[in-house]
Amino acid sequence: MPIHNADIAAIFSEIADLLEIEGANPFRIRAYRNAARIVGEWSRELRTLVEHGEDLTKLPGIGADLAAKIREIVETGKCRALEKLRQELPPAITELLHIPGLGPKRVRTLWHELDIQTLEQLARAARDGRIRQLPGFGAKTEANILQAVAQHLSQARRIKLVTAAQYAASLVAWLKAAGAVERIEVAGSFRRARETVGDLDLLVATRDPAAVMRRFTAYEEVREVLAAGEARGSVILKSGLQVDLRVITPAAWGAALLYFTGSKAHNIALRKLAQEAGLKLNEYGLFRGRERLAGASEEEVYAALGLEWIPPELRDDRGEIGAARAHRLPRLVTLADLRGDLHAHTQATDGHDTLAAMAAEAQRLGFEYLAITEHSRRLTMAHGLDARRLLEQCEQIDRLNETFHGFRLLKGIEVDILEDGSLDLPDDVLGELDLVVGAIHSRFELSRAQQTERILRAMERPFFTILAHPTGRLIDGRPPYDVDMARIVRAAKQRGCFLELNAHPERLDLTDSDCLLAKDEGVLVAIDSDAHSRADFAHLRFGVGQARRGWLEARDVLNTRPLAELMPLLARTRR
Ligand code: DGT
Ligand code: CA
Ligand code: CA
């Protein structure tokens with residue numbers, strides 16, 4: 001069975017968790033954690049690299065030992081190091097790590113002190129009031145744990161778009177290779193670019209449905225076939241992801257694509273529109289009586305309803321249908337509109353590539369500029385820069401810039417916003433830079449009022465250009481910190497500074513509705529990769545997807561500006 005990057009990442013991450021619960025050497029743990037992150041986000045499948053015999057140690061953070069493990073996983077589907085650890089520790093203990101607030105250290109304490117090995121045991125101990133008695137826990141933590149366990153047990157699992165994209169790509173390639181496929185598309189929430197997807201909805205147009213269905217159920221990654229009829233099939237992959245397949249005739253392609261792209265709310269609104277015109281809309285077409293008026297393409301169906309074609313990211317019944325009727329749909333931003341990137345790291349801090357390598361990749365992508373924004377000194381674990389190292393980097397950038405034509409590295413910093421809203425470097429240092437990206441990396445638990453004040457105060461500093469990842473959430477791991485986003489957007493407008501939509505597939509904050517807020521207020525959004533390696537520029541497409549869900553056009557986005565227009569915009573934020 002083909003191994004995806006997400007599978008390898010999951011193994012490394014489980015090893016790191018288990019090692020940490022076991023109390024192993026922190027450097028070893030960190031090596032696995034880094035490897036999990038890098039592998040999980042690598043845009044090319046490592047399986048292919050292994051098959052081509054490429055040297056895996058060229059990947060950032062991957063030494064000979066990890067490279068051998070990747071090869072082992074790709075070739076055998078297993079990792080002996082993990083199996084060994086699993087034997088040493090209780091089988092379900094990593095489940096406990098899914099509870100927000102429980103890191104490996106706490107899990108270790110719970111295990112050693114109270115012999116808690118499962119979520120059920122955890123809930124029972126919390127109910128019995130035994131957890132609050134442990135050092136470092138307390139009654140509040142106990143209550144939080146109880147609530148989190150209940151929520152976790154009731155929650156259906158959704159997977160990140162970046163992971164779904166990898167599973168989808170290899171299944172689509174497998175089906176295409178069958179030959180009978182005329183058209184194929186992943187519809188549903190995937191096509192609408194939602195941050196996470198519940199399942200994949202695959203659509204195939206073919207004149208040989210039986211052949212396609214046979215090939216679908218014969219896919220190596222299928223764990224269980226739930227249904228396999230003439231026109232529809234449903235399977236569960238080994239990863240646990242469900243895939244629904246509809247097989248249709250080419251004449252109904254557009255109607256089916258429209259229907260299975262959804263959202264459900266959008267479909268219902270369209271159907272109502274059809275009914276009001278005395279028509280009937282379903283997955284086979286748009287009908288008057290038995291006559292099919294439209295169905296071969298989405299454009300045709302929308303047109304027959306008096307609408308412009310609506311981009312999938314807008315299909316949420318949030319005003320898009322009225323806009324399509326009035327010819328007022330936004331011209332959504334595309335990846336090709338981006339002229340550069342305003343948030344990236346290098347080896348100088350926790351990135352994996354050199355300044356020169358990052359610049360070369362940005363140029364290869366056709367960018368006019370790339371801002372280097374390392375962490376500041378407070379983030380010691382990321383080797384954050386102090387004033388001296390920052391100024392050294394600026395000199396390096398100056399030297400490199402002399403060698404470029406039609407491209408420029410911008411001097412920046414991702415400066416820590418401290419708890420009192422001050423910035424982690426003095427103004428005279430920040431004033432030397434082209435831009436200052438401010439971000440919160442600590443004290444996520446402050447109250448809404450305090451957190452909002454903290455950010456507003458930071459924005460008031462004389463040199464503050466962009467607020468990075470404005471809510472700090474990690475889709476799989478950490479809820480957003482509590483902030484009054486409407487106030488922050490208004491303050492950004494008054495201050496003339498910008499908000500970042502962080503394109504990292506685990507972050508993607510701003511959310512779609514935050515983007516709408518920014519657009520309404522006229523605050524420009526920077527769609528930034530937050531790249532920690534050359535490969536990470538591939539994340540930008542997820543940021544663009546999110547921006548499109550938020551109705552953003554090229555003119556609403558800061559880094560669609562050519563350099564000559566960007567520089568005055570950045571300069572205007574300086575006081
Ligand atoms: P997900 O899978 O939870 O991320 O979200 P979706 O939007 O992919 O939902 P899913 O997989 O249940 O269904 C795919 C599409 O099929 C959905 O977006 C719209 C369409 N659909 C499903 N059920 C209904 C329904 O009851 N009524 C209508 N009008 N459309 C439906
Ligand atoms: Ca779906
Ligand atoms: Ca589905």
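A residue counts as buried when its relative accessible area is under 20%. With that cut-off in hand, welcome to this predicted model. Seven of the seven residues of strand E12 (residues 369-375) are buried, so E12 is largely enclosed by the rest of the structure.

**Strand E12 and its partners**

- Strands of a sheet pair through backbone hydrogen bonds, in either a parallel or an antiparallel manner.
- E12 pairs with strand E11 (residues 340-341) in the parallel sense, over two bridges.
- You can find this pairing at Gly 340, whose bridge partner in E12 is Tyr 369.
- E12 also pairs with strand E13 (residues 408-416), again in the parallel sense, and here there are seven bridges.

- Another right-handed β-α-β unit consists of E12, helix H17 (residues 387-401) and E13.

**An open sheet of three strands**

- Three strands, in the order E8-E9-E10, form an open sheet with antiparallel pairing.
- Its edge strands are E8 (280-282) and E10 (291-294), each of which pairs on one side only.
- From one strand to the next, the twist averages 35 degrees.
- E8 and strand E9 (residues 285-288) run antiparallel and are joined by three bridges.

**Helices H1 and H5**

- Two packed helices are described by the angle between their axes and by the distance between those axes.
- For helix H1 (residues 5-22) and helix H5 (residues 80-88), the angle is about 35 degrees and the axes are 10 Å apart.
- The two helices cross in a left-handed way.
- On the H1 side, the contact involves Ile 11, Glu 14, Ile 15, Leu 18, Leu 19 and Glu 22.
- On the H5 side, these residues meet Ala 81, Leu 82, Leu 85, Arg 86 and Glu 88.
- The contact residues of H1 and H5 divide into seven nonpolar and four charged, with no polar ones.

Conventions:
Residues are numbered from 1 along each chain as its sequence is written. Chains are lettered from A and ligands numbered from 1 in the order in which they are written. This is a predicted model: local features need pLDDT of at least 70, side-chain atom pairs count only at pLDDT 80 or more; totals for chains, interfaces and linings use all residues. Side-chain values use heavy atoms; hydrogens and water are left out. Axes are lines fitted to C-alpha atoms, for helices over the stretch in contact, and angles run from 0 to 180 degrees between N-to-C directions. Helices (H or I, at least four residues) and strands (E, at least two) are DSSP runs, numbered from the N terminus. A crossing is left-handed if the near helix is turned anticlockwise from the far one by less than a right angle, and right-handed if clockwise. Contact means heavy atoms within 4.5 Å. Ala, Val, Leu, Ile, Met, Phe, Trp, Tyr, Cys and Pro count as nonpolar, Asp, Glu, Lys and Arg as charged, and the others, Gly among them, as polar. Buried means under 20% relative accessible area, exposed over 50%, partly exposed in between (1.4 Å probe, protein chains only). Two strands pair if DSSP finds at least two bridges between them. A crossover is right-handed if, with the strands pointing away from the viewer, the path from the first strand over the helix to the second runs clockwise.
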